[in-house]
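Dear colleague,

Please find the structure below.

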Amino acid sequence: MPCYWWRDHGTWCSVLPAFCQPVSDAVKVRMDEGALLECEANPEVLTSDTMDQFRTFQMCERLLHSPTKLGSQLLYQIPAQNQIILIERYYEFDSVFAREVLGKKLSKGTKKDLDDISCKTGITLKSCRRQFDNFKRVFKVVEELKGPLVENIQRHFLLSDTLARDYAAIVFFANSRFETGKRKLQYLSFQDFAFCAGQLISYWTIGAMDSMMEDMDVDLEKEFLNELKDLKVLVNDKDMMDQHKILVCAALRGKIKVYKLMEVNFKNLSRALINLASKLTHTKDVRDLFIDLVEKFIEPCRYDRWTVAEITLFLTHYTNAAHCLGTFRHQMIWDRYMGVIKSCILQMYHE
């Protein structure tokens, strides 16, 4: 996204896309929005004024790299409300660009690919570089900080809650290096992955259980991932698996059109979800979380033409039925696991 600047009757009001577009384009934007009439100026004056704003922006851009310094400096007289707008616009990004770099290491190697990303997305190379540098800057600042990830981003970069949460997703994916580039995942948008990142951060990280832990929202809790192996009993114990199936089928009979297919495939679907849980102790399997969800659960359901409503009902009763299994002793871990898995599957399932 372009970064804009306001200057109103000698203070900040007119629209300026800094660096991302040529001066002539910025002048056209201002003319289209009625700047000539509003300021009672001719095109030459408007062009000169716009060039002045570009030069001023070039001089103060370094302050935007550390937004908290913008409010304490005295050189540039920018009203507080306009500072907020300026910072927000500078750190805004294109979702299609974020989708291209999501899960990749924010390093020089990835930066070399920006030419290709620019051609693929139609976003100017200059804008791609700004967005990438912003991702990298935020990552470096908050990676090792103690405390909630979103709050740390807001504190250090003064971003809105919505934008801070999007940056939290980028930081989280860059840290865990989740696989997002495989062909079968291309249908998923940045917002799909950002939603899933929010779920993982809220429920599977160290900070989900202890708000005073270091790196609380960046790293998945290893103890929790190890405990997920205990869920294997749901598929290894034949009697328990059969009872689980009976309970789910009783709850769904007459409520979903794919009931017969669900009944036939219940054990395969259950094994897919449980086996995925038991493998998350390995780094590679954590990185493959999303491709595994697509290949092992989403694609089979899509092939059988399940609707989102039917998947919602199935996952709800599948989760709840486990609480009725008398010999199952891992309800807290089960709910913590299935709550996130259910949310992610529903976000990722595009009919």
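For the classes used here, Ala, Val, Leu, Ile, Met, Phe, Trp, Tyr, Cys and Pro count as nonpolar, Asp, Glu, Lys and Arg as charged, and the others, Gly among them, as polar. The model is predicted: local features need pLDDT of at least 70, side-chain atom pairs count only at pLDDT 80 or more, and totals for chains, interfaces and linings use all residues. Residues are numbered from 1 along each chain as its sequence is written, and side-chain values use heavy atoms, without hydrogens and water.

A pocket is an open set of points on a 1 Å grid over the protein atoms alone, where a 1.4 Å probe fits, with protein on both sides within 12 Å along at least five of seven lines; lining residues have an atom within 4 Å of a point. A volume is the space filled by probe spheres set on the points, which are joined across faces, edges and corners.

The largest pocket holds about 360 Å³ of space. Its lining has 22 residues, and Val150, Arg165, Gly198, Ile201 and Ser202 are the closest to its centre. Helices H9 (149-157), H10 (161-176) and H11 (190-203) each supply at least two lining residues; helices are DSSP runs of H or I with at least four residues, numbered from the N terminus. H11 gives the largest share, seven residues. By class, this lining has ten nonpolar, seven polar and five charged residues.

The second largest pocket has a volume of about 290 Å³. Its lining has five nonpolar, six polar and two charged residues. H12 gives the most to this lining, with three residues.

Yours sincerely
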